[in-house]
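Colleague: Hi! Could you walk me through this model step by step, please?

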Amino acid sequence: MSSNTLEIIQGLAQAAANSWDGAHDERYALDGQVRKVGLNRESGCPIMDKRVNDGFKVKFYADSICINYQSDVRLKEVKDSKFEQDMEGMLNEVKKFLQKEYKKITGSGVTLTKQGEPLLNFISLSRVRSFVKAHQYYKISGVDAEPIYDTARTAENSVIKKFLAQHSTKRPQNVTYKKGANDK
């Protein structure tokens, strides 16, 4: 892995880490800097208002990043015709936050290019509430996918074959069995 790739991944990971719950309120921010991601939990007062459970996490795959968003929603929100658009919008807000925060951290920008369509998964918790998970893959600019080499596998296979050849099913010469009542 090149040092440039490592710096980009570390910068995006730090940008995601800066979005912890409470970072949107200056009363709870350690450095006094307010960071609004655009999540539903950021609206209202966390002590007085009813809390909305939502958040995101990121995973890195070769030259891609996967943004996972999860939230508790009411069933009537799920049945709304614009719900899928709202989930795509939320994933886009998270992407914009990561890019903006990455630029603050490193001083340079990063482009995240959408790959395919977002996948949504609904889990019914009760007749009123549901849990939704959405994830979207983005290609990270400046990161090259490293090829997978088979040299390790061929070396590993030769070691396994050598071990199996040593311990074949042939019995050693010094093994003798007593004939039992059932043996002829």
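**A guided look at the fold**

Colleague: What percentage of the 184 residues in the protein chain is buried?
Modeller: First, this is a predicted model: local features need pLDDT of at least 70, side-chain atom pairs need pLDDT 80 or more, and totals for chains, interfaces and linings use all residues. Residues are numbered from 1 along each chain as its sequence is written, and side-chain values use heavy atoms, leaving out hydrogens and water. A residue is buried under 20% relative accessible area, exposed over 50% and partly exposed in between (1.4 Å probe, protein chains only). Of the 184 residues in the protein chain, the buried share is 29%.

Colleague: In what order do the elements of the protein chain run from the N terminus on?
Modeller: The protein chain has four helices and four strands; these are DSSP runs numbered from the N terminus (helices: H or I, at least four residues; strands: E, at least two). Starting at the N terminus, the elements follow the pattern α-β-β-α-α-β-β-α.

Colleague: Which are the edge strands of the sheet?
Modeller: Four strands form an open sheet in the order 1-2-4-3, with antiparallel pairing. Strands pair if DSSP finds at least two bridges between them. Two strands pair on one side only, and these edge strands are strand 1 and strand 3.

Colleague: Which residue in strand 4 is the bridge partner of Arg 74?
Modeller: Look at strand 2 (residues 64–74), which pairs with strand 4 in the antiparallel sense over eleven bridges. The partner of Arg 74 in strand 4 is Arg 129.

Colleague: And which residue in strand 4 is the bridge partner of Thr 113?
Modeller: Strand 3 (residues 112–124) and strand 4 (residues 129–140) are antiparallel partners over ten bridges. They form a hairpin, with four residues between them. Across this pairing, Thr 113 has as its partner in strand 4 the residue Lys 139.

Colleague: How many residues apart are Tyr 61 and Tyr 137?
Modeller: They make one of the two aromatic pairs in the structure; rings of Phe, Tyr and Trp (its six-membered ring) pair if their centres lie within 6.5 Å, and planes under 30 degrees apart count as stacked, over 60 as edge-to-face and the rest as tilted. The centres of the Tyr 61 and Tyr 137 rings are 5.9 Å apart and their planes stand at 55°, so this pair is tilted. Tyr 61 is in strand 1 (residues 54–61) and Tyr 137 in strand 4, and the pair links distant parts of the chain, 76 residues apart.

Colleague: Are these tyrosines buried or partly exposed?
Modeller: Tyr 61 has a relative accessible area of 39%, and Tyr 137 has 30% relative accessibility. On those values, Tyr 61 is partly exposed, and Tyr 137 also counts as partly exposed.

Colleague: Is Phe 83 buried or exposed?
Modeller: Phe 83 pairs with Phe 122: their ring centres are 5.6 Å apart and their planes at 40°, so the pair is tilted. Phe 83 lies in helix 3 (residues 83–106) and Phe 122 in strand 3, so parts that are 39 residues apart in sequence are tied together. Phe 122 is partly exposed, with a relative accessible area of 36%. Phe 83 has a relative accessible area of 5%, so the word for Phe 83 is buried.

Colleague: Among contacts between residues at least 6 apart in sequence, what percentage joins residues at least 24 apart?
Modeller: Contact means heavy atoms within 4.5 Å. For example, residues of helix 1, including Ile 8 and Leu 12, meet residues of helix 3, including Phe 97 and Leu 98. Among contacts in the protein chain between residues at least 6 apart, the share joining residues at least 24 apart is 61%.
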